[in-house]
Every structure is written in structure tokens, then in C-alpha cells.
Amino acid sequence: MIIIQNYINGQFQNPLNDEWLDNYNPSNGEVYGRIPNSTGEDVDVAFKAARTAFPNWSEKNIEERSRILIKISELLEAKVAHFAEAESKDNGKPINLAKAVDIPRAASNFRFFGNAITQFASESHENVGQQALNYTLRQPIGVVGCISPWNLPLYLFTWKIAPALAAGNCVVAKPSEITPLTAYLLGEICNEAGLPKGVLNIVHGLGTITGQAIVEHPNIKAISFTGGTATGAHIARTAAPLFKKLSLELGGKNPNIIFADCDYEDMLTTTVRSSFANQGQICLCGSRIFVENSIYEKFKRDFVAKVQQLIVGHPSNTSTNIGALVSKSHLEKVVGYIDQAKVENHTILCGGKKVTVKNYENGYYLEPTVIEVKSNECSLNQEEIFGPVVTIMPFHSEKEVLEMANSVKYGLSATLWTNNLKRTMRICNQLQTGIVWVNTWMLRDLRTPFGGMKDSGVGREGGFEALRFFTESKNICIKY
């Protein structure tokens with residue numbers, strides 16, 4: 001039994017109320033640990049530790065903050081196998097994915113922002129005729145709140161924490177209560193790297209209690225949140241009267257648009273990955289696949305054949321392509337959409353059934369599922385399923401597919417497959433998404449802005465955008 005504790009003021013502590021939540025292993029459905037059921041009292045203790053640490057941390061020279069963040073990165077890189085095993089066990093994702101992508105990316109986040117802060121600059125403007133100089137300072141906000149989701153636990157946790165710390169803030173952070181293990185282990189890394197006490201505080205618990213306490217705390221000045229759109233809307237309503245800065249990275253229902261002139265084999269292989277990576281539990285997965293009519297039947301046949309070759313299995317098995325979904329309730333939610341597809345007489349081309357893995361019969365496994373839908377207006381094409389389920393539809397014209405792609409309330413990302421440059425420029429300009437990948441998927445450059453339009457969120461993360469969010473700009477005008 002793994003007992004996870006809060007990490008406050010550089011120490012591991014039990015919740016003040018001594019109440020605990022069960023932590024489940026998705027691969028077998030069994031409880032394997034306990035986490036704190038923290039309340040607002042724990043959050044306030046964490047805030048006070050952060051407030052005390054803030055003056056010294058914010059006044060450290062940039063090189064010193066950079067050195068500590070890069071040291072955290074190096075320690076994470078040295079323990080990739082250990083963290084990957086913990087992430088796979090806690091989340092249900094294949095061990096190979098955690099080892100090759102998730103944990104290395106978490107390490108990269110600290111390294112990137114540790115270096116980026118040394119290059120972060122503001123502007124100055126000389127008013128020659130008026131003999132005046134304006135210059136802008138970028139100062140840390142103070143104590144900020146970072147709340148991250150369960151699908152990429154350490155990856156997205158560090159995506160928020162690293163720029164916040166780099167900019168000189170102190171942090172009260174809450175990982176998902178469903179996947180708390182690697183965030184807990186991060187506390188040990190921070191101590192080993194020499195991060196001063198109180199600079200980072202990690203409080204575990206339910207979103208409705210612990211997360212709510214962070215959002216409504218009157219002296220936590222900014223909130224960076226990644227998660228569901230409904231929760232994001234609630235956070236916005238709570239934070240608005242308190243005039244907090246907000247960064248909200250929310251849901252997606254991303255179109256994958258495939259034209260006949262694409263590099264077909266590259267497209268096919270990548271589309272399988274963009275549909276089902278991490279059991280489809282990535283906000284950037286291409287869950288709506290639109291295929292030009294002239295190649296639709298070929299694509300449907302070839303795509304289904306490749307999907308049927310994917311292996312559903314225990315996350316620790318290196319041959320596994322599709323691991324366990326993150327929780328029993330989430331599995332039932334995804335299965336509910338498949339049942340709805342049957343009621344609406346859509347065609348399930350493959351998958352659609354729960355999977356029983358030998359010796360792990362109570363795990364949360366589901367076949368990768370491809371559904372041919374009759375209308376873009378159906379719930380399967382309009383609502384975020386967030387599982388190993390994709391829909392496919394043909395299209396006949398550029399105008400038609402753009403209308404379908406933009407028809408949803410979300411606008412996070414899109415993928416476009418074509419070798420026609422003029423078409424690429426036209427469609428990219430008209431897609432209502434924050435990110436467009438052309439002839440690739442999930443090719444990330446950490447310098448670029450990341451975020452969505454419409455109900456997919458507010459603000460941008462990544463690169464200098466993140467450092468701007470975690471700082472306040474102050475203009476100073478000097479007449480000489």
C-alpha cells in the first residue's frame with residue numbers, strides 16, 4: 001500500500017483532517033494506495049509556506065533559478081524508468097509510452113523553462129523628442145495555483161509548474177486525485193535538486209474541495225488549469241470576481257482532414273497513432289476523421305485493418321499498444337457513447353467491446369473503436385468522448401469539410417493531410433483551432449504557443465507565452 005502525502009514547505013505531511021482517498025490501479029481495478037483528502041486548511045498552510053518563500057525565490061538571480069530547474073530535469077532524466085513505472089501503474093498507459101514520451105517530456109519542461117528564463121526579455125521605447133524613456137519590467141506575480149489533469153499526469157503538471165517557478169513565483173499545485181503518484185515523487189526530486197522550502201507545494205485531494213480551495217483562495221493571484229470545459233467554466237466564474245489571472249486549457253473535438261493527394265502510408269500510420277495514443281485520452285487526439293470521398297472506401301478498409309492489429313493489454317507489457325482507461329467511471333462513460341452509436345444506427349466498423357485481460361479481469365480495458373457516422377451533427381461528433389473511439393465520414397469538397405471541422409464548440413487542434421500548398425494555406429487560415437498540424441501530428445516545439453479557441457480555453461501556454469502569463473508587466477516612464 002503506497003501512502004502519498006502532501007508536499008508542503010519542503011516536507012511530506014499528512015492531511016490536517018487525517019482523511020484519505022483510495023487510489024486505484026486501472027490495470028486491475030484494485031486499490032493500491034491512499035492519498036490525502038485535503039481541505040482548504042491544507043491549502044492555506046501551503047499558501048503560507050509559499051508566501052514566506054516568495055521574497056527570497058523571486059529575488060534570486062535568474063541564473064540560480066535556472067540552475068535549480070535544470071538540476072530537477074537532470075534528476076528526472078536519471079530516474080526515467082522509475083517514474084515511468086509509477087506513471088504506467090497509476091494511469092494505465094503503456095509503459096513504453098511513459099518511458100519514451102511522458103517522463104522525458106516532463107524533464108524537458110524543466111530544462112526548457114530553466115533555459116528560457118535566461119533569454120526572456122521585455123521591451124523599451126525611447127521618446128526622443130520628449131526626452132523620455134519607457135521600459136517594461138516583467139515581475140513575478142507572487143503565489144500562483146496550478147491544477148493539472150489525469151491523462152498526462154507528470155507531463156502536464158510540470159508544463160505549468162516549470163514556467164511558474166522559472167518566472168520567480170511560488171506555487172500551490174494540485175495534481176489529479178486519480179493519478180497523484182508521480183507528482184508525489186516529484187517532491188523528492190525537488191528536495192534533492194536544492195529547491196528552497198515552500199517554493200513548490202503539492203496538495204492532494206478532490207477537485208471539488210482541494211481544487212476549489214486553491215481557486216477561491218483570496219491571495220493566490222493566478223490559476224493555470226488543464227481539464228474539462230465544464231470545470232473550466234466553473235473556475236472562471238469563481239475567479240472572475242477575485243480578478244485572478246486565468247489560463248484555461250480545456251476540451252477538444254479535433255478534426256483530422258485527409259485529402260486524396262496526401263502521402264497515404266505516412267498518413268495511415270500517423271492517423272492510427274493520433275486516434276488511439278494513450279487510449280485516446282489526449283486532448284489533441286484526432287477524434288473526428290474526415291476523408292475525401294475518392295479514397296474513403298480504401299481508407300476505411302486499410303484503417304480498420306491497422307486498428308484491429310493494435311494489442312490491448314496490461315500496461316507493463318512492452319507489446320501493449322492500448323493500456324487501461326484511467327478509471328471505471330471513465331470507462332463506463334466511453335462505453336455509453338458506443339451504446340449511443342448503436343441506438344442511432346451508426347456503423348461500428350471495429351471494436352466497441354470491453355476487453356478482459358488474463359489475470360487482470362477487473363481492469364478497465366476497451367477495444368479501439370472506429371465508428372462510421374451518418375451525420376456530423378450527432379453527439380459522437382459534437383461531444384468530447386476522450387477515449388479510444390474515433391468517427392469517420394467522407395467529404396466531397398473543401399468547403400464542406402471546413403464547415404464540418406468548424407461546427408463544434410471546441411477549437412483546440414486540427415490535423416490536415418495534403419501536399420497541395422495553396423489548399424494548405426487556405427484551410428489553415430480558416431480552421432478555428434489554436435493549433436494545426438499539416439502532414440504530421442503531435443510534433444511539438446516548446447517555444448510555440450499552445451492553447452485553443454472557443455470552448456477549448458482561454459490564454460496560451462508554452463514558450464514566452466507561459467512566462468508572460470506568470471508575470472505582471474509594469475511600464476516605467478523616465479523623463480531625462
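The buried residues of helix α8 (residues 229–239) pack against α7 (207–216), β11 (222–226), β12 (245–249) and β20 (410–411), with contact meaning heavy atoms within 4.5 Å. Those buried residues (under 20% relative accessible area, 1.4 Å probe, protein chains only) are Thr229, Gly232, Ile235, Thr238 and Ala239. Helices (H or I, at least four residues) and strands (E, at least two) are DSSP runs, numbered from the N terminus.

This is a predicted model, where local features need pLDDT of at least 70, side-chain atom pairs count only at pLDDT 80 or more, and totals for chains, interfaces and linings use all residues. Residues are numbered from 1 along each chain as its sequence is written, and side-chain values use heavy atoms, leaving out hydrogens and water.

Next up, a helix pair. The axes (lines fitted to C-alpha atoms over the stretch in contact, with angles from 0 to 180 degrees between N-to-C directions) of α3 and α4 sit 8 Å apart at about 120 degrees.

| Helix | Residues | Residues in the α3–α4 contact |
|---|---|---|
| α3 | 80–91 | Val80, Phe83, Ala84, Glu85, Glu87, Ser88 |
| α4 | 95–116 | Ile95, Ala98, Lys99, Ile103 |

By type, this contact has six nonpolar residues, one polar and three charged.

Lys354 faces Leu366 across the pair. Two residues separate the strands, and Asn359 in the turn has a positive phi of about 75 degrees.

Definitions and conventions
Pairing = 2+ DSSP bridges. Nonpolar A, V, L, I, M, F, W, Y, C, P; charged D, E, K, R; others polar. Buried < 20%, exposed > 50% of the residue type's maximum accessible area, 1.4 Å probe, protein only.
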